[in-house]
Amino acid sequence: MAEGGSEQTLVSGVAGRYATALFELASEANAIDAVSADLNSFSAMIDESADLKRLIESPAFSAEEQVAAIKALLSAAGISGIAGNFIGFVASKRRLFALPGMIAGFRALVAEAKGIVSAQVTVAEEPSAKRLEEIRATLKDVAGTDVDVAIKVDPAIIGGLVVKMGSRMVDASLKTKLNSIRLAMKEVG
């Protein structure tokens, strides 16, 4: 595990151990992209279904119920191979509650292996395709490498944007600017 030093700082705990094992298995099989696509599909299913979220998070379901439901969902979604087996294995071990963390850990390991930097951009409203491409290009220039951009819409920031990339954060939101002006006016008065 000499190489695992950087991976351990990237992902930790139960989710990290599972994510690391899945990443190593996918790497050996030259199937990182296929596994990533399947995990992204399953993650989208979790985000879109309150029932699936409940199944994953609730300890009220037995292992047998979770495994049966997960196998049916995987089959219906066409998720098989390494990702399908992995999700089924996680269900059989009663670790479904940690699956979102495992998927996030796997994504982080893939990004690190491919030299891709992750960034979260918070905007007041859904950006147009052109605006999204401008954001991606700017972040790529700043990072000097490809950037995986996750967009979060939060109307509370009013306008502008907030960018988190690694340990750096740039807050160019209108809400923050207004709060700064408000604070400055209080100090003057």
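1. Start with the lining of the largest pocket. By class, this lining has 11 nonpolar, six polar and seven charged residues. Keep in mind that we're looking at a predicted model here.

2. How much space lies in the largest pocket? About 630 Å³. There are 24 residues lining the largest pocket, and the ones closest to its centre are Ala104, Arg107, Ala108, Ser118 and Asp148.

3. H7 gives the most to the lining of the largest pocket, with nine residues.

4. Now for the second largest pocket, where about 180 Å³ of space lies. Its lining is made up of Glu134, Ile135, Thr138, Leu139, Val142, Leu161, Val163, Met165, Arg168, Met169 and Val170. Sorted by class, the lining of the second largest pocket has eight nonpolar, one polar and two charged residues.

5. Which element gives the most to the lining of the second largest pocket? That's H8, with five residues. Helix H8 (129-143) is joined in this lining by strand S3 (160-165) and strand S4 (168-173), and each of these elements supplies at least two residues.

6. On to a helix pair. Two packed helices are described by the angle between their axes and the distance between the axes. For helix H5 (residues 63-77) and helix H6 (residues 81-92), the axes come within 9 Å and cross at roughly 165°. Angles over 145 degrees count as roughly antiparallel, so that is how H5 and H6 lie to each other. The crossing in which H5 passes H6 is right-handed.

7. What makes the contact between the two helices? On the H5 side you'll find Gln66, Val67, Ile70 and Leu74, while H6 brings Gly84, Ile87, Gly88, Ala91 and Ser92.

8. Finally, the overall layout. The secondary structure of the protein comes to nine helices and four strands. Reading from the N terminus on, the elements run α-α-α-α-α-α-α-β-α-β-β-β-α. Taken along the principal axes, the C-alpha atoms of the protein fill a box of roughly 65 × 40 × 30 Å.

Key
Residues numbered from 1 in each chain as written. Predicted model: local features only at pLDDT ≥ 70, side-chain atom pairs only at ≥ 80, totals over all residues. Heavy atoms only, no water. Axes fitted to C-alpha atoms, helices over the stretch in contact; angles between N-to-C directions. Parallel < 35°, antiparallel > 145°, perpendicular 65-115°, else oblique. Left-handed = near helix turned anticlockwise from the far one by under 90°. Contact = heavy atoms within 4.5 Å. 1 Å grid on protein atoms, 1.4 Å probe; cavity = no way out; pocket = protein on both sides within 12 Å on 5 of 7 lines; lining within 4 Å. Points joined across faces, edges and corners; volume = space filled by probe spheres on them. Nonpolar A, V, L, I, M, F, W, Y, C, P; charged D, E, K, R; others polar.
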